[in-house]
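Try each task before reading its solution.

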Amino acid sequence: MISHLALAALWGTLPGFSLAGSAPSSLADSLAGSLAGPLAQDQHEAQVTAPAESPAEADPATESLGEAAKAALKEAPEKSKVGNIRGVRATSEVRFASSPDDPYEMVASFGIPARARVALANKSGSFKRFQLGARLFGLDSQAGQASKSYVLSGQGLRETQIDIELRRALFLWPDAPRFTGAGRTFTSKIGDFGVLMATVDESTGLPTKIESFGKDGGAGAEFNGIQWAPAQEDGGRARPISFTFAAGGQAIWTETVETVQYNWRFADTWFVPADSLTAVMGSQVPSQMHVRALEGAWFHRVKIADLPRGGDSASLDKTAAIAAASAEWANVRRRPELSAEGKSAYSLSPYVSLVLGPFGEPFAIEYESMGTAPGNTAGPDGWKWRKPSNIWAYPLVAARMGSKIEGFGKATQALASIYPDESGFQPLQRIRFRVGEERLNGKATAIGVDPVLNVVVPLEELSDPKA
């Protein structure tokens with residue numbers, strides 16, 4: 001992850017580590033105290049930054065951020081699978097031992113092989129680590145500070161590599177990394193950085209503890225007390241549901257796994273920081289643009305012509321379409337295929353997409369329903385499945401009815417520079433926004449908030465370093 005050990009060492013929380021001056025009393029206290037101010041409306045869409053003087057070990061002789069990202073994309077090992085799994089995404093709730101009432105979110109993405117993106121965040125900020133092949137990057141968010149991503153090197157790189165493999169081993173046990181052994185003890189060598197050792201329950205073959213050891217044999221971080229949900233009868237995998245992260249002989253936090261999804265297909269750009277992509281793409285991408293993952297969902301499309309509207313207008317501008325789509329959201333929520341007398345397994349997502357034509361004009365609305373992916377059960381009646389995807393995202397400023405959406409033109413120009421017209425690819429596809437409800441004099445009115453221009457990018461194109 002965030003180099004568990006490097007971050008803990010930074011804040012002086014483990015025995016044997018200290019910083020000049022007074023050290024905070026705990027890692028949680030340090031994180032909570034140093035990260036002030038809210039994140040953006042969605043932590044996966046948030047614009048996050050790192051201090052100019054990175055806490056990770058920096059070496060002026062190493063590659064620049066752009067050079068490292070270019071090399072990582074060029075030299076990344078060929079993608080492969082573990083069984084039918086190309087990628088996995090897991091979300092967890094983290095509660096520090098020192099402050100159990102202040103939860104954090106952990107989101108981990110893994111591609112196969114040697115691809116990882118792990119983030120620890122709460123309402124105040126986040127710490128992220130990226131791996132693509134042999135190169136690792138960091139991005140640490142603190143509100144109110146202009147900063148950027150950085151390349152990990154030295155001890156920070158070594159510790160982060162082991163920590164990433166520790167988490168990868170938990171969610172892809174026993175396939176990646178590959179463990180060997182017998183009885184209750186299995187080991188896996190992590191390049192030249194160290195070794196993982198798993199202690200398994202002989203009756204289930206699942207680890208109850210996974211420990212890490214450095215190249216010198218010194219004990220590092222570990223996951224212990226691991227609890228598992230058994231594999232499903234349809235050939236699924238056993239999934240971890242809770243465990244404790246410990247280091248230096250003390251428990252740092254407990255972690256409860258909320259979701260594990262094995263149907264992701266990540267582009268390689270997901271595993272490098274977004275602010276490195278200007279150099280990679282060869283375009284001056286505005287700093288507000290970033291790559292994010294979009295979860296799979298069932299969707300229902302409504303044509304603009306079918307939306308209710310006032311007056312004689314034959315079409316709607318973007319702001320009017322957002323307002324109409326938000327108002328219609330409440331009606332969609334009551335559709336029979338979603339309600340099913342309160343017994344439906346599907347819930348309407350608060351995210352709505354305004355679908356755009358080739359000239360940026362809105363022509364349809366897409367509503368989302370979160371539920372089980374195809375292969376397990378059918379979706380709501382008449383709804384189609386949208387696979388997980390990677391997208392460019394650009395935050396827009398909501399406008400008053402009839403006025404332009406601020407930032408749309410700038411985002412359009414930036415995206416056009418990345419994807420020239422002659423490529424035959426039309427990137428401007430959706431304005432995605434979150435629906436809220438406002439009550440006035442006892443009447444509920446649906447409103448659209450936080451619009452974000454989303455660009456669904458072909459995975460093959462983003463995976464090509466020359467794209």
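Rings of Phe, Tyr and Trp pair if their centres lie within 6.5 Å. Planes over 60 degrees apart count as edge-to-face. The model used here is predicted.

**Exercise 1. An aromatic cluster**

Task: Find which residues the ring pairs link into a cluster, and classify the pair Phe 96 and Trp 253.

Solution: 
- Start with the count: there are eight aromatic pairs.
- Take Phe 96 and Trp 253. Their ring centres are 5.3 Å apart and their planes stand at 80°, so this pair is edge-to-face.
- Locate the two residues. Phe 96 is in strand β1 (residues 87–96) and Trp 253 in strand β13 (residues 250–261), 157 residues apart.
- Check burial: Phe 96 and Trp 253 are both buried.
- Now collect the members. Ring pairs join Phe 96, Tyr 104, Phe 223, Phe 243, Phe 245 and Trp 253 into a cluster.

**Exercise 2. A second ring pair**

Task: Classify the pair Phe 223 and Phe 245, and decide whether Phe 223 is buried or exposed.

Solution: 
- The ring centres of Phe 223 and Phe 245 lie 6.3 Å apart, with planes at 70°, so the pair is edge-to-face.
- Phe 223 belongs to strand β11 (residues 219–229) and Phe 245 to strand β12 (residues 239–247), so the pair ties together parts 22 residues apart in sequence.
- Buried means under 20% relative accessible area. Phe 223 has 0%, so Phe 223 is buried. Phe 245 has 2%, so Phe 245 is buried too.

**Exercise 3. Salt bridges**

Task: State how many salt bridges there are, then describe the one between Glu 75 and Arg 135.

Solution: 
- The count is 12 salt bridges.
- Glu 75 and Arg 135 meet through their side chains at 2.8 Å, N to O.
- Glu 75 sits in helix α3 (residues 65–75) and Arg 135 in strand β5 (residues 135–140), 60 residues apart.
- Glu 75 has a relative accessible area of 51%, so Glu 75 is exposed. Arg 135 has 18%, so Arg 135 counts as buried.
- Turn to another bridge: Arg 432 and Glu 368 meet at 3.0 Å, N to O. Arg 432 lies in strand β20 (residues 430–440) and Glu 368 in strand β17 (residues 362–370), so the bridge ties together parts 64 residues apart in sequence. Both Arg 432 and Glu 368 are buried.
- Finish with a network: salt bridges that share partners join Asp 175, Arg 178 and Arg 237.

**Exercise 4. Charges over rings**

Task: Which ring does Arg 117 lie over, and which does Arg 237 lie over?

Solution: 
- Arg 117 lies over the face of Trp 270, 3.6 Å from the ring centre.
- Arg 237 lies over the face of Tyr 262, 5.8 Å from the ring centre.

Conventions. Residues are numbered from 1 along each chain as its sequence is written. Side-chain values use heavy atoms; hydrogens and water are left out. A salt bridge is a side-chain nitrogen of Lys or Arg within 4 Å of a carboxyl oxygen of Asp or Glu. Helices (H or I, at least four residues) and strands (E, at least two) are DSSP runs, numbered from the N terminus. Buried means under 20% relative accessible area, exposed over 50%, partly exposed in between (1.4 Å probe, protein chains only). Rings of Phe, Tyr and Trp (its six-membered ring) pair if their centres lie within 6.5 Å; planes under 30 degrees apart count as stacked, over 60 as edge-to-face and the rest as tilted. A charge sits over a ring if NZ of Lys or CZ of Arg is within 6 Å of the ring centre and within 35 degrees of the ring normal.
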